[in-house]
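This report covers a metal site, a neighbouring side chain, a sheet and a residue pair. The sequence and structure come first.

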Amino acid sequence: MKRTARYESRPLNRGKRRLLLDLLDAFSRVKDLALSSLGRVTSWDYLDNPRALRDAMKSRYTPGVPVHLQDQAVFDAVATMRRFVDSCLARAHAKGRVFQRFDGVKRRYAFWLLKRYGHIGAVLRGEAPVPEHFVIAPAERKAVVRFVRRLIRNSLGSPPRMRSHRSMTLDSTLYRVFDHQGRAYVAIASLTKGKRLVLPLRGQGAIHGNIRVVWDPMRGTAVVHMPYEVRVPRKPAAAPAMAVDAGITEVLATNTGEKLGHGYGKLLERLTEQTTKTGKARNTLHQLAKKADATGDIAKASRIRRHNLGGKKLRKRHVQGEAAVKTLVGTAVRQALRTRPAAMVVEDLTHLRGRTKNRKLSRIVSRWARSVLRERLEFRTEAGGSRLETVNAAYTSQTCPVPTCGYVHKDNRHGDRFHCLHCGWDGDADVVAAMNLLSRRDDPELHLGTPKEQVKAILDARFRRRKETP
Ligand SMILES: [Zn+2]
């Protein structure tokens with residue numbers, strides 16, 4: 001399982017800053033050049049074969065900049081572009097939709113297309129590549145390509161480019177780590193011959209392998225990100241599958257009726273307030289300082305800047321708020337998984353759905369909180385021998401969980417309570433959502449890619465059928 005360790009440097013002096021910013025600039029220019037060529041779907045074959053792109057780019061490298069550094073920039077561009085395509089496929093629910101739409105050889109062909117970036121590029125150009133290991137008629141190929149092309153094109157945004165020149169990746173040949181008088185340093189070959197950029201680190205750490213060096217202009221430091229593999233002893237699963245609903249007031253509700261992570265909503269509200277209020281207050285102070293500048297009251301302007309606009313306290317409070325959320329989420333997830341279920345069923349946590357919108361929470365905070373929850377769930381399920389499974393969550397909070405009923409109506413839910421308007425069943429709204437998520441796992445018709453309207457139609461039809469058969 002991959003995790004990232006971060007090592008911050010001490011504040012860099014002017015000379016070191018210059019060396020670092022020059023390096024970042026050279027790196028980013030090559031990366032952007034590679035990205036601009038990868039932005040065209042005609043070059044997506046390179047995403048399957050980064051070395052070929054590197055060879056093609058060599059003639060456009062900047063003279064005087066270490067060739068190996070520029071190679072890294074090209075590989076980094078490929079990684080960025082792959083993530084862009086992957087997230088587009090995920091947004092389009094490409095695999096789910098294809099699975100639903102096709103069967104037999106067409107389905108096989110569609111999955112074959114989605115397996116390689118080069119094929120996806122060909123599809124976007126309207127071509128229908130011929131598979132090597134199985135036979136499919138041209139007309140069938142064209143039908144599949146038409147469908148997949150429309151699917152992908154609709155969720156394809158504009159391809160990534162380099163907006164800021166703030167980070168670079170280095171493999172182990174481009175830097176060296178050493179200790180001097182108990183302090184750790186990272187030395188990087190700079191653009192000036194014979195001169196090294198030496199970053200003094202704050203802590204100790206065994207830095208090795210591929211790293212990313214990120215410039216933090218707010219703090220005037222460089223941060224070294226190092227991915228590493230953690231080996232978690234896997235324990236066998238010990239209980240049947242369960243489901244959790246990601247809440248707003250509490251972190252999680254389980255299908256067995258538990259609510260975990262109390263005080264979550266309050267914590268997120270406070271974090272939102274910190275983010276927005278202090279932001280507004282600081283703007284006002286900036287204006288005051290500027291006004292003082294204009295009237296020639298330099299002493300007042302610098303007083304405001306020094307005492308009211310320092311970033312240290314603000315950052316500290318924010319960091320504490322985030323840490324509190326992380327702790328609460330971590331504890332809730334650990335509790336939910338303590339029985340070690342074979343699978344943990346959740347809704348798709350990569351998107352913010354409408355239901356999660358709480359007027360008191362900013363989108364940035366809710367999105368961040370969901371990513372924390374997802375990361376914890378992924379980590380803990382893997383460590384506990386469970387599988388994290390994502391299901392279609394449409395209407396799970398409005399559907400009556402009683403198997404003989406299943407009535408769907410938005411008025412079944414009143415805030416935190418669920419009350420079925422048809423059979424009168426009562427319960428906690430988030431627990432109901434978790435119960436329904438669990439039954440979606442084995443649902444023969446409702447898949448991850450099933451559109452919302454279709455989910456509603458299927459659920460309504462089932463309810464009508466149940467009413468007709470006494
Ligand atoms: Zn009911």
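## Zinc site

The donor residues of the zinc ion follow the sequence spacing C-x4-C-x14-C-x2-C. This is a predicted model, and the geometry below is computed from it. The protein donors are the SG atoms of Cys400, Cys405, Cys420 and Cys423, lying 2.3 Å from the zinc ion.

The arrangement is tetrahedral because the 4 donor atoms subtend angles of 106 to 112° around the zinc ion, and four donors count as tetrahedral if all angles lie between 85 and 135 degrees. For four tetrahedral donors the ideal angle at a metal is 109.5 degrees.

The cut-off for buried is under 20%.

Asn436 belongs to helix H13, which spans residues 429-440. With a relative accessible area of 7%, Asn436 is buried.

Leaving aside residues up to four places away in sequence, Asn436 touches Thr396, Thr399, Cys400 and Pro401. One of these, Cys400, is also a zinc donor through its SG atom. Thr396 has its backbone oxygen 2.8 Å from a polar atom of the Asn436 side chain.

## The three-stranded sheet

An open sheet is formed by 3 strands in the order S3-S4-S5, with antiparallel pairing. Strand S3 (175-180) and strand S5 (196-200) are the edge strands, and each pairs on one side only. From one strand to the next, the twist averages 25°.

Strands of a sheet pair through backbone hydrogen bonds, either parallel or antiparallel. Strand S4 (residues 183-189) and S5 run antiparallel and are joined by 5 bridges. Ala187 has Val198 in S5 as its bridge partner. Helix H1 (residues 14-38) packs on the sheet and touches S4 and S5. The direction of helix H1 makes about 115° with that of S5.

Is Arg51 buried or exposed? Arg51 has a relative accessible area of 55%, so Arg51 is exposed; the cut-off for exposed is over 50%. Arg51 is placed in helix H3 (residues 50-57).

How far apart are the C-alpha atoms of Arg51 and Arg183? The two residues are 132 residues apart along the chain, and their C-alpha atoms are separated by 37 Å.

Key. Residues numbered from 1 in each chain as written. Predicted model: local features only at pLDDT ≥ 70, side-chain atom pairs only at ≥ 80, totals over all residues. Heavy atoms only, no water. Donors = N, O, S within 2.8 Å, 3.2 Å for Na, K, Ca; no water. Tetrahedral: all angles 85-135°; square planar, octahedral: opposite > 155°, others 65-115°. Helix = DSSP H or I, 4+ residues; strand = E, 2+ residues; numbered from the N terminus. Buried < 20%, exposed > 50% of the residue type's maximum accessible area, 1.4 Å probe, protein only. Polar contact = N/O pair within 3.5 Å; in protein donor to acceptor, adjacent residues only side chain to side chain. Contact = heavy atoms within 4.5 Å. Pairing = 2+ DSSP bridges. Axes fitted to C-alpha atoms, helices over the stretch in contact; angles between N-to-C directions.
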